[in-house]
Each structure stands twice: as C-alpha cells, then as structure tokens.
Amino acid sequence: MEFLGHIVGGFGALFEPMNFAFLVGGFLIGTFFGAVPGLTSVLAIALLLPITYSIDVTPALIMCASIFMAGMYSGSITAITINIPGAPSSMMTAIDGNILMKEGKGANALGHAALGSMIGGSIGALLLILLMPLAAELTLLIRTPGKFSLVLFALVVIILVQRDDIAKTVLTTVAGMMIATIGIDVMQPVPRFSYGTSQLVQGIDLMPLIIGAFAISELMIQARAGAAELSAARIREAASSLRRMDFIPPLSEVRQIGVVGYLKAALIGYGVGILPGVGGSMAAFVAYADAKRGAKPEERFGKGSRKGIAVAESANNAMCGGAFVPMLMFGIPGDPTTAIVLGVLVVNGLQPGAKLLENQADLIAPMFTSLLVSALVLIPLTLFLLGPLFIRIVAIPRGLLYTGIAVVALVGSYVATFSIFQMVLAALFGLLAYFLRRGGYPVVSLLLGFILGPDLELYLRRSLSLNDGDPTVFLTSPDSLAFIGLSLVFIYLMEIGPRLKARRHKTNPSSPSQ
C-alpha cells in the first residue's frame, strides 16, 4: 500500500509544469527517433544522457520512460507507410501494415498499431506498478551465490537470443566484460590494467561506451551505406492519404481482434521483456507467431491482417514495462534502452535493488507513471493530432540530420565528464563498434557484458570468500541452483532442442513436421 501511495504521488509529480514538459518533450523526441529509419529510442536516450547530469533525477527518468514508449510505438509509422521499420521491433508490423497501406487503408493500419501500442503499453506499465513490490520481496530471498547464478543466467539468455551466430555473441560479451575490468578492482583498492596512466585508473565510464557504440557507430554505418534520400513525391503521396478521423479503428474490427488477443499479446510481451537482453523484436515475433498459429483463414495473416498489426504492437510496447523489472531489481537490463536508463540511475547515485524501492520509491514512481501516461494518453493523442505529419519527418536530409547527431554525440561525451580522454574513448568505441557491426558481431552484447561483468565477478569472488573458496556453494544454495537449472533449460530449449530436431528431420525427412 505504501508503494501505491508513492505511485499516486508520482502522478502528482508528473503533472508539475516542468516535469510535464519533459514528459511531452521526451515523447516527441522518441517519436522522431523511432520513426526515422536508422534512428532508435536507444540512440535518443544515449544522446540525451549527458543532459541528466544537469537536471534532477525525476525529470530525467520521466523523459527516459516517455522516449522509450514513444520510440517503441513510432517505428510502426514508417513500417506501415513506406515499408521501412523505424525500429527493429516494428519488423512484424510491416508485414501486414504495408499491405493495408497499398490497399489505401494506411490510416486504418496506423490506428490499429496505435491502439495495440496503447493497450499493450498500458498493461505492461500496470503490471510493472502492481508486481514491483512483489519483485522487491523476491530479491530479498536471493543470497550472494544466487545473485551470481542470476547474472550468469542473464548472460546465457543474452547469448542464446542472438541465434544467428552464438560464437560472435560470446566474443562480444566477453570483450565487454574485459573492458569493464579496467580500473579499480571490484573488491580491493588496487588498479588493474591501467598501464601507469591516471585516466585508466579511474576505469572506463559507461557514457563513452554508450555514445560510441550506439551513436557514433550508427553514423558510420549510415555514411558507409550511403542511404538514398526518400522520394519527396513518395512521402507526399503517403501523407496525403492519411486523414485524422481515419485513424480511429471501427469497433467491429476491434471486436474481431478481441480482448483476449490484445491481453495475450501484452502478457507475452511483458514476459519476454523480463528476460535480460531480449527486447521488443523478440516480443513482437513471439506474439505474432502465437497469434498466427491459431489464426482463422479470414484473419489474413501476412496478407494485411489487422490482428497481426495489433498483436505485434501490443507485445513490443508491453515489453517496456517488463524490461524495467530486472533492471531496477538486479541491475540487469531487459533490453538496450533500459541498459542506458540504468546509466541514468547510476549517474544520479541510485543503485538497483530492493532498497531502491524501499528508500527511494518517490524518485522512481514518476517514471512508472510516465510510462503509463505515455501509453494510455500520448500515443493515441499524438497520432490523432499529428498523424498526417509523422511520415514527413523522414524527408529531413540525411546529411544535415547525421551531422547534427555527430556533433551532439561528441559534445555530449565531453560535457558528461569534462574530459577530453572520455571524448576520445567515445570515438574509439564508435570505431570498434563500427567494425564489429560490419563483421556481424552484436554491439548490444558488448554493452551488456560491460554492465554485467563487474557484478558477475563481484558475486563470484564474494561467494567464494564467504565459503572458504568452496565452489559447491553454487550447487548447494537453493536460489543459485534454481537459476542454474533455468540456464540449462534455456540452453536446451533454444539451442540443443532445435539442433536435435533438425538432425532427426535430416535423417528421417519423410516424418511429419511438428
């Protein structure tokens, strides 16, 4: 009940003029970055991260939450209208949405995307608010060996999710963990890998890694690709077909999708969001595949299905609420965006864990309410008011846009610490991330390895020191054993099981597929 009181207070704080300005401003920024192909909410928060040094933590977190929700939703705008997902999480939306656009029903498709986003985002935020006290209680039951196994489980999931090339994911994750070891030892005041330089004794800051990996490398990728400017005539044609009243989906179509359809997709998205490092793309894919498996022929999945749009958008926006749970309780980001939000918490002196909810709930409650208001109010309101204008933002000349982003990124990396060394590091990490991405290595794993590596080392060494160096403590502690068991289950379900199934099918191709 005390936490719900903080939530009520969070609504009051949210509607203070300054905080409300950050809410709306963040939502518009997130919409812009989410809708422009090549830009994402991750990049938006990475660029704005230096600003959090000069403002209070409450408006900073409010802005981050609204950017997160807006960026997740707005990728559907260009996915539907020009078949270019503004964000990776909108790839499933493009399948059916662009077909409807070609049939002259683009506004209707955008309306269903917004409605699904509103419902899924609201459910995810409500589940976050209602279940967070329970999550905090559960964290108190996890002892040090269990925390090590939990972080290990998170790393296993992060690696398994990148199923295209697990070896490359392992390498980038380990590289991130190695970078994190530079600086003062996690348990003793002894510098490591500093090579006699005072700058490296201080360690590698999270800021240059985020800006380099997600901003500078993205600019280099876009410059190398030489992305052609979208035809102004094509943009005007797409925008001219959008009318405000057409954005409101008919009640008959909403009934065909059904309450169960929205709710099931939202629960899938929330559950996927809790898994570390998974993100909105996986949430949308799982919900879409689940709905398609039980779809009726008249629902036209893959051929312009409104239900396909609704479930994909409901799932990826519900993921936002789920992704905050492991980040706030364990410091384990649920997706790349919450990894950067974790940086906002850290630079403001807030440490994840049960104590955060117990002692500083008044600071994070406005962030929860921002997530809810962004989904419930701002998504449908901005689509209705600004829908016909959304598509025009992709007409901004790429040269002007990326030049401005480059300046903001480098200046931001300097302003955050007033260190030329950190700015140089941002450029170096950007170059490293660029070559990693060209080689097909997932940069997100580099960041998550950097964040989780110190915790993995700390809990490992602390567990061993408390148990006279006996490693069996990880197998005798019930909470640790549970997470190790979960890791093995995920390894079987996501890697060993599919390989065995493929091998059986190869040796006996005449057997019916399951």
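Author: Before we begin, helices here are DSSP runs of H or I with at least four residues, numbered from the N terminus, and the model to which they belong is a predicted one.

Reader: Which helix gives the largest share of the lining of the second largest pocket?

Author: The second largest pocket holds about 1000 Å³ of space, and among the elements that each supply at least two residues of its lining are H7 (144–161), H10 (206–225), H16 (336–347) and H21 (443–466). Of the 40 lining residues, those closest to the centre of the pocket are Val-346, Gln-351, Ile-451, Pro-454 and Asp-455. The largest share of the lining, six residues, comes from H21.

Reader: At what angle do H14 and H15 pack?

Author: Two packed helices are described by the angle between their axes and the distance between the axes. H14 (residues 280–293) passes H15 (residues 306–330) in a right-handed crossing, where residues including Ala-284 and Ala-287 of H14 meet residues including Ala-312 and Ala-315 of H15. The residues of this contact comprise nine nonpolar, three polar and no charged. With their axes 8 Å apart, the two helices H14 and H15 pack at an angle of about 145°.

Reader: Is Asn-19 buried or exposed?

Author: Asn-19 lies in helix H2 (residues 17–35) and, leaving aside neighbours within four places in sequence, is in contact with Ala-13, Leu-14, Thr-58, Pro-59 and Ile-62. Because its relative accessible area is 8%, which is under the 20% cut-off, Asn-19 counts as buried.

Technical notes
Residues numbered from 1 in each chain as written. Predicted model: local features only at pLDDT ≥ 70, side-chain atom pairs only at ≥ 80, totals over all residues. Heavy atoms only, no water. Axes fitted to C-alpha atoms, helices over the stretch in contact; angles between N-to-C directions. Left-handed = near helix turned anticlockwise from the far one by under 90°. Contact = heavy atoms within 4.5 Å. Nonpolar A, V, L, I, M, F, W, Y, C, P; charged D, E, K, R; others polar. 1 Å grid on protein atoms, 1.4 Å probe; cavity = no way out; pocket = protein on both sides within 12 Å on 5 of 7 lines; lining within 4 Å. Points joined across faces, edges and corners; volume = space filled by probe spheres on them. Buried < 20%, exposed > 50% of the residue type's maximum accessible area, 1.4 Å probe, protein only.
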